[in-house]
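Please look over the sequence and the structure before reading on.

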Amino acid sequence: MTISIQDSDSSNLPSLERSPGSVPPPAEMAEPLCCLWPDEDPRPTLTDDWLLAHLPSSATRILLVGLGPETLPRLLAQAGHRVTAVARTWDFIAPARGSHAAPNESLAKDAGVYAASTPPWVFEAIISRGSLRGCTDLDYWFREARRLLAPDGRLILCEEVSYEEEPDSGAVEGVVPARVGDCHEARAIEQGFGAHGFYVEHHEDWARQAVAACHAVLGPPQANTLSLDGAASLPGDALRSTCERILVGVETGRIGFEFWVLAPSDFIVRGYRPGDEYLILATFNQVFQTSRTLEHWRWKYLENPYGQAWITLVLDGDRLAAHYASYPVPLYVEHALRLGCQAADAFSVPSYRKVGHGATALMSRAFRHFERSNCEARLAFGHGFNVNKIQKLGRRFWRHQVPAPVYQRILDQSAITRYRAIRSWRFRWRGYSLSATSEVGDWADQIFATTKDDYGWLVARDKIYLTWRYQLCPDVDNLFLVIYHFGEPIGWMVGRIQDQTWLIGDALFRPRHAKTAFLMALNAVFRKHPEIKRVDSWFSEVPNWLNRILDSLGFIKQRQFQDLDLVVRFYRARLSAQDIAEHFYFTWGDSDLY
């Protein structure tokens, strides 16, 4: 295969990466040169077959960004493609120097800068293999890639990526932690191409294959071993050092290897920007025929004490086509506090619902951007409550799992009449007292600290969370009923009245006092509000002791009327749906529907 080398100082060669203070190529390379790819075959790299298999069938002109001493350029040329290859340093071009020109193929280089031809040299495929590493401006890179790609072309990325480090993560004992170095976070890459109209047509995580290749390098020499991309010509010590770094990085969850096949689109996907709330609210209210207020929106997404504006928008110009949003919540799981998130507002505008299908539908694009930007490598898990139709989509394309159905607990008029007749002195003589309040006090922290392990796993119902979730929630008036035993807080219930029904949003009681405290709270509400004819609530099937109390009080268990189920998506936590079903305590207030 012959490749001609051009000097990228030519004015018709824009850069794919801006590099301040670029050094011009050596003088002896200033004139166009011709070269021959080495006759001897370097080891095939890890991605050769994968890349060839995912090239669009119409690809004839290919831009290869990130050139190393590897087999791919020759394989592409042998398959009949016209290859333009660009490299970061002259060291990668040197092995390709020779004396045979081929005007249909070119290799351009400006030290520290990637270069490519301007239109009409539009490419049916652009392949980036490790070229984003060290790139200082992803926004510029993806904008140039979009400009140079044909409308029906494909951008293929094969990159080492980094992941956000957990506060408590560290090195494997006795090993220096892997340096993420100049790798970009996976979420930054996805945010970059989404903002320039690319969507994911195919994606794979290849950390396992990279680890296998590293072990092959570090083990006894083997013939025909796959090499790491771009590492085939590294000196022995440098190659071993690279492999050791990768193994430690993957083991600690700090780095990985991901491949994307991206298609261009008229829609851009991005996160929230100040002022987007006006467009979001107008579209939300139109889609759902409701009148959500700006105050409610700001409370949920901008005033959340655990993280703000976890929102993704899919835009068609200045029109909102799809939207996904959740809010972060504190979780108490396996005796430790972790961060989770509660699914909230997700919708697509009806006129856009036929764009794409399944994993490429606009709603799927929004969810992908959302979880990669906010959830992966940060959360234990996210949870929500979905109907069956959405669950099918979630299981197939969003990898949701369904741990448990949602049950309502209903108390009818006959039980309400009976409990209203109980005299409060019967509670007082046993040392119980009740305080009705709309404000959260220190009692919240005291009760959570003494009861959390009796409930298993749950959203951390402490003072900060209860204040934000119930006290500051606009549009509704929540009332806390706090129960004391000889002056010590032992439980609370929060609820509100709607259509002659007492809606229980949440509750937390010490097991030993739970039945009396629950009954005392209900008695206080029924006596003050004689118009109440029904009690409605959600309670999970765990803990068992609480369900037995609800049964004994006459609460009827029935399927939630919309057939909602609890769904979860796991991130950093090594848990299963069965774990959640057996341990996770949830109420109506753990949903966005209360």
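A cavity is a set of points, on a 1 Å grid over the protein atoms alone, where a 1.4 Å probe fits but cannot get out; lining residues have an atom within 4 Å of a point. Points are joined across faces, edges and corners, and a volume is the space filled by probe spheres set on them.

This is a predicted model: local features need pLDDT of at least 70, side-chain atom pairs count only at pLDDT 80 or more, and totals for chains, interfaces and linings use all residues. Residues are numbered from 1 along each chain as its sequence is written, and side-chain values use heavy atoms, leaving out hydrogens and water.

**Largest cavity**
- The largest cavity holds about 110 Å³ of space.
- Its lining includes Glu 190, Phe 193, Tyr 199, Arg 365, Arg 368 and His 369.
- H5, E8 and H10 each supply at least two lining residues.
- Helices (H or I, at least four residues) and strands (E, at least two) are DSSP runs, numbered from the N terminus.
- By class, this lining has six nonpolar, three polar and three charged residues.

**Second largest cavity**
- About 80 Å³ of space lies in the second largest cavity.
- Of its 10 lining residues, the closest to the centre are Tyr 163, Ala 186, Arg 187, Arg 372 and Glu 376.

**Helix H5**
- Helix H5 spans residues 186-194, and its buried residues (under 20% relative accessible area, 1.4 Å probe, protein chains only) include Ala 186, Glu 190 and Phe 193.
- The buried residues of H5 pack (heavy atoms within 4.5 Å) against partners including helix H4, strand E8 and helix H10.

Notes. Buried < 20%, exposed > 50% of the residue type's maximum accessible area, 1.4 Å probe, protein only. 1 Å grid on protein atoms, 1.4 Å probe; cavity = no way out; pocket = protein on both sides within 12 Å on 5 of 7 lines; lining within 4 Å. Nonpolar A, V, L, I, M, F, W, Y, C, P; charged D, E, K, R; others polar.
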